[in-house]
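Load the model and keep the sequence alongside. The walk below goes from the whole fold to single residues.

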Amino acid sequence: MATGTPHAPVKDAMSRPITAGGFVDGAPIVFADITKQAGLDKFRHRSGTPEKATILETPGSGVALLDYDNDGWLDIYLLNGSTFAALKGKEPAPRAMLLHNNHDGTFTDVTAKAGVPNERWGFGVAVGDYDNDGWPDIYVANYGKNRLYRNNHDGTFTDVAEKAGVTLGGWSTGPTWGDYDRDGLLDLFVPGYVQFDADHPPVAGQGGISLSACQYRGVSFAMCGPRGLPGEGDHLFHNNGDGTFTDVSQKAGVADPQHYYGLASVFVDEDDDGWLDLAVANDSVPRYLYRNLHNGTFEDVSYLSGFALTNEGLAQASMGIAVGDYNRDSEVDFLFTTFSDDYKTLYRNDGGNNFSDITFRAGLGGPTIPFLGWGAGFLDFDNDGLLDIFLANGHVYPAVDQRDWGTTWAQRPQLFRNLDGAKFQEVPPATGSGLADVIPARGAAFGDLFNDGHIDVVLNNMDSAPALLRNVVTNGNHWIAFKLIGGPKSPRDAIGAKIFVAAGGVRQRADVISGGSYGSSSDPRLHFGLGSATKVEKVEIHWPSGKTEEIAVSGVDRILTVIEGKGVVEK
């Protein structure tokens, strides 16, 4: 739902809307689209009909990067949507796809063997080792019942959602795993979006649905919402340690009694007190920030912190969340993607649960307004030691292509280079490169798919093939990455851990998170660009258990495995 006022169309030199143009011949290529060569083009996403006549058909699906078989290489799990006919059993349901990394730049479809086709209307995915057995499990948020795929350690998964008590059954979106009560077990937060009856979709002027709930820029559309529709509540599931979970949403204070339209969530320690806090992106209404009170409950600090609204006091249609310390002050900052005609918002963490919307000061205001953003991430694409920003874009109304509004259904992604920790500059989309892909993107996940020290991007696109954008930057900069394994009092996969790396006179921070972006889960390994530095002076790890550990690192340009209390281990 649009929350900004209409802006004049921005066109490129060839009179194309900037969302599907602005390509620069001869610009340096950052990402190469290798979707076909890698074998990802065999997957096709489906979401209802091309007309997108209902809100169920428009948000699209996420993607996860995970090493499901523990071979040291990231695999790819692409969620699929569905159709109304499939919901009624009148046609086969579209299937999700798990792609095994072959270590040679290609991927093989192993969905059938792995048993993870989902075959429900999938929206969000989060990866976490909820049973602490050393193997990543997959939670899938659907319209209808959700799934919890437990990893069987043999390349297969079993859906244990019913037994675990985490199926829900409404419309769930971008989940996140995190150990909010520091008992060493991962808990699960699942946002809810809209209460939607597939047999009786909302119609303008009927059932209390106002005409304005079905309009964009004053034009009536068949699709209504989310405003004007009843929202879904949110759910926090406490891990009981025996394979089951208890819904503690009300008790913990995160049940969303307003029934806001949740789309993305992430557990991260934003105030550095050693306890995971919770951020939620809501569509067309204020955002949530919950501060952990260390007693099993959270305090809603959304407004107090400056997090809920923009500087102008406006709510935005927040779709996705990126988390990272872009200005190297050792505090985590947030970026939210939003609807077209609105800027994508950068919140600087000022400490003490205070955030400043510094979007325009940082140079991210004007360039992002025409785009409709979904998945997002902070990533150091050029390994210079500063976190850059990647945005996945695509509209919800196919009919915008028929109007001169300066925006398009399919849109190119955007990459913003971090210049100095304060300002960002858009990287020119080189003609023919991955940044010039004009696609209806939704989910976005980030990680080093080829173990070469460069962060790559996978996009899940509406009604089409995904996009695998391989990072092809060659500049001689160094890097280091860490795979963390928690000890007996931390989650085994170390979600919630943070690392501080000092090298080349600067100190960087990264956090192990699950979920975030838009309905997606990224590489759990923490990657640091080092610029020209060839020596790491200090590595400090803050484990979820509360322990702090310093480790010695010899050499750079490598991925190190660190076990809590034991330091670096050889694989």
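The paragraphs that follow start with overall dimensions and end with individual loops.

This is a predicted model, in which local features need pLDDT of at least 70, side-chain atom pairs count only at pLDDT 80 or more, and totals for chains, interfaces and linings use all residues. Residues are numbered from 1 along each chain as its sequence is written, and side-chain values use heavy atoms, with hydrogens and water left out.

Begin with the whole protein. It has 6 helices and 38 strands. Helices (H or I, at least four residues) and strands (E, at least two) are DSSP runs, numbered from the N terminus. The C-alpha trace spans about 65 × 55 × 50 Å along its principal axes.

Of the 571 residues, 64% are buried. Buried means under 20% relative accessible area, exposed over 50%, and partly exposed in between (1.4 Å probe, protein chains only). The accessible surface comes to about 19100 Å², and 51% of it belongs to carbon and sulfur atoms. These areas come from the Shrake-Rupley method with a 1.4 Å probe; for residues, only the protein chains shown count as cover. Among contacts between residues at least 6 apart in sequence, 62% join residues at least 24 apart. Contact means heavy atoms within 4.5 Å.

Now pick out strand S32, residues 498-503. Why is S32 described as largely enclosed by the rest of the structure? The reason is that 6 of its 6 residues are buried. In a regular strand the side chains alternate between the two faces of the sheet. In S32, Lys498, Phe500 and Ala502 lie on one side, Ile499, Val501 and Ala503 on the other, and all are buried.

S32 has two partners to inspect here. It pairs with strand S33 (residues 506-511) in the antiparallel sense over 6 bridges. Two strands pair if DSSP finds at least two bridges between them. Ala503 stands opposite Val506 in S33. The hairpin of S32 and S33 has 2 residues between the strands, and Gly504 takes a positive phi near 60° there. Strand S35 (residues 536-542) also pairs with S32, antiparallel over 6 bridges. In that pairing Lys498 stands opposite His542.

Turn to the cysteines. The structure holds 1 disulfide, a term for a pair of cysteine sulfur atoms within 2.5 Å. Cys214 is joined to Cys224, S to S 2.0 Å. The link of Cys214 and Cys224 is right-handed, with 105° about the S-S bond. Cys214 lies in the loop between strand S11 (187-190) and strand S12 (215-216), and Cys224 in the loop between strand S13 (219-220) and strand S14 (235-239), so the pair ties together parts that are 10 residues apart in sequence. Both cysteines, Cys214 and Cys224, are buried. Pro226 also belongs to the loop between S13 and S14. The peptide bond from Gly225 to Pro226 is cis, with omega near 0°.

Thr54 is in the loop between helix H1 (35-38) and strand S2 (63-66). At 10% relative accessibility, Thr54 counts as buried. Beyond its neighbours within four places in sequence, Thr54 is in contact with Phe84, Phe196, Pro201 and Met223. Its side chain also makes a polar contact of 2.7 Å with that of Glu57. A polar contact is a pair of N or O atoms within 3.5 Å; within protein, one must be able to donate a hydrogen and the other to accept it, and residues adjacent in sequence count only if both atoms are side-chain atoms.

Glu119 is not a glycine, yet has a positive phi of about 55°. The loop between helix H3 (111-114) and strand S6 (121-128) holds Glu119. At 38% relative accessibility, Glu119 counts as partly exposed. Asn383 also has a positive phi, near 55°, and is a residue other than glycine. Asn383 lies in the loop between strand S24 (373-379) and strand S25 (388-393). Its relative accessibility is 2%, so Asn383 counts as buried.

From Asn383, step to Gly453. Leaving out residues up to four places away in sequence, Gly453 touches Asn383, Asp448, Trp479 and His527. Gly453 is found in the loop between strand S28 (441-447) and strand S29 (456-461). With a relative accessible area of 0%, Gly453 is buried.
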